[in-house]
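Let's take a walk through a protein model, one neighbourhood at a time. Have a look at it first, and then we'll go through some of its details together.

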Amino acid sequence: MSAFPGDVPSTPTADGKKVLLAAPRGYCAGVDRAVDAVEKALDLYGAPVYVRKEIVHNKFVVETLSARGAVFVNETDEVPEGARVVFSAHGVSPAVHAQAAARNLATIDATCPLVTKVHKEAVRFAAADYDILLIGHEGHEEVEGTQGEAPNHIQVVNGPEDVAKLEVRDPDRLIWLSQTTLSVDETMETVHLLRERFPNLQDPPSDDICYATQNRQAAVKTLGPRCDVVIVVGSGNSSNSVRLVEVALEYGAGAAYRVDKADEIDPAWIEDAQTIGLTSGASVPEILVRDVLRVLAERGYTDVETIRTATENIAFSLPKNLRGDLKSAGHIVDVPRTPRPRRDR
């Protein structure tokens, strides 16, 4: 079947070469909202619009927005006083909000609502004097933002290797939270080990790993065993993209590679491959996947079958202050319905 009717035709081949195209893949609702916020801010206010950190972890997206006039900085003190700054989808700590206020910056908070949910959980349990074990990668922007909500109550657990060295005040007032973009399997392995040490460890009130991360991993788990090679489109600093490579290998793919774009594919990777799996991380625009499909088609992989394991219909509204400014300027701003995320397991 054709993945993109009229654009990337699917043609059965005599030698049986095939691409299994994962669905869902690519942009999640939080990424779409964050990128849209920067684009609409540039349209409305004009360049420059400053962005703290990468708006999402994808080189192509950052380069494209930079060309339009977005200026990416590492910290708020690099933004001219009184200027406008967008906070990335990964979220920021209260200290960053305070720094921005002290510099009179006009802020647009593009934090993914699912990350905001984890922030609120951290605040709630810290207020109840719980110790919080935050499963995630130390140094990742999302983890830094969440930890900043309650630094005296949160310890970061990078993975199973950290469990044995943890010290807590009261093992009966202990809860775990997680970075939203982790591998589901690895997270639950860490939780299992944590519970062996701390039998009364509480679970978060709802699943912290986002629906999009889980859906993309589920699709790869399904197609991986059928593939000689799986190609994941995504940047190296994208946690969920890196996890997709690991998931593909864990679930039976012969080999798996990550690329930022199509020209990074080494022909040797696919030289003897009959079936190639293809997916992309949650911060990857679809144009990059289409470029890979075209490269594969040039090498005889014209038969494309979509492997769908879930259908996503989640959308998030733009940040409130940006939405208000757009309405004041006469723009029509849709307010999407945001049903509770569902996922196929």
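This is a predicted model: local features need pLDDT of at least 70, side-chain atom pairs count only at pLDDT 80 or more; totals for chains, interfaces and linings use all residues.

## Starting at the end of a helix

Let's begin with G330, which follows helix 11 and has a positive phi, near 90°. Helices here are DSSP runs of H or I with at least four residues, strands are DSSP runs of E with at least two, and both are numbered from the N terminus. Residues are numbered from 1 along each chain as its sequence is written, and side-chain values use heavy atoms, with hydrogens and water left out.

Which residues of helix 11 are buried? Helix 11 covers residues 320-328, and its buried residues are L322, R323 and L326. (Buried means under 20% relative accessible area, exposed means over 50%, and partly exposed is in between, using a 1.4 Å probe and protein chains only.) Looking down the helix axis, you'd find these buried residues within an arc of 100°, so they line one face of helix 11. That arc is taken from the directions that run from the helix axis to the C-beta atoms.

Over on the other side of helix 11, K320 and S328 are exposed. The cover over the buried residues includes helix 1 (29-45) and strand 5 (106-109).

## Rings that pair up

How many aromatic pairs does a search of the whole structure find? It turns up 2. Rings of Phe, Tyr and Trp (its six-membered ring) pair if their centres lie within 6.5 Å; planes under 30 degrees apart count as stacked, over 60 as edge-to-face and the rest as tilted. F125 and Y130 make an edge-to-face pair, with 5.4 Å from centre to centre and 85° between the planes. Both F125 and Y130 are buried.

Y257 and W269 are stacked, because their ring centres are 4.0 Å apart and their planes are at 0°. This pair links distant parts of the chain: Y257 is in strand 10 (residues 256-259) and W269 is in helix 9 (residues 267-270), 12 residues apart. Y257 is partly exposed, at 26% relative accessible area, and W269 is partly exposed too, at 23%.

## Charges over rings

A charge sits over a ring if NZ of Lys or CZ of Arg is within 6 Å of the ring centre and within 35 degrees of the ring normal. R173 does this with Y130, lying over its face at 4.4 Å from the ring centre. K17 has its charged end over the ring of Y301, 4.9 Å from the centre.

## Cysteines

There are 0 disulfides in the structure, a disulfide being a pair of cysteine sulfur atoms within 2.5 Å. For C210, the nearest cysteine sulfur is that of C28, 5.6 Å away. C210 is buried, with a relative accessible area of 10%, and C227 is buried as well, at 4%.

## Two buried spots

S178 belongs to strand 8 (residues 174-178). Why does S178 count as buried? Because its relative accessibility is 1%. Leaving out neighbours within four places in sequence, its contacts (heavy atoms within 4.5 Å) include V118, L134, E142 and D208.

V284 lies in the loop between strand 11 (275-280) and helix 10 (286-298). V284 counts as buried, at 0% relative accessibility. Not counting residues up to four places away in sequence, V284 touches G26, Y27, N58, V233 and G234.
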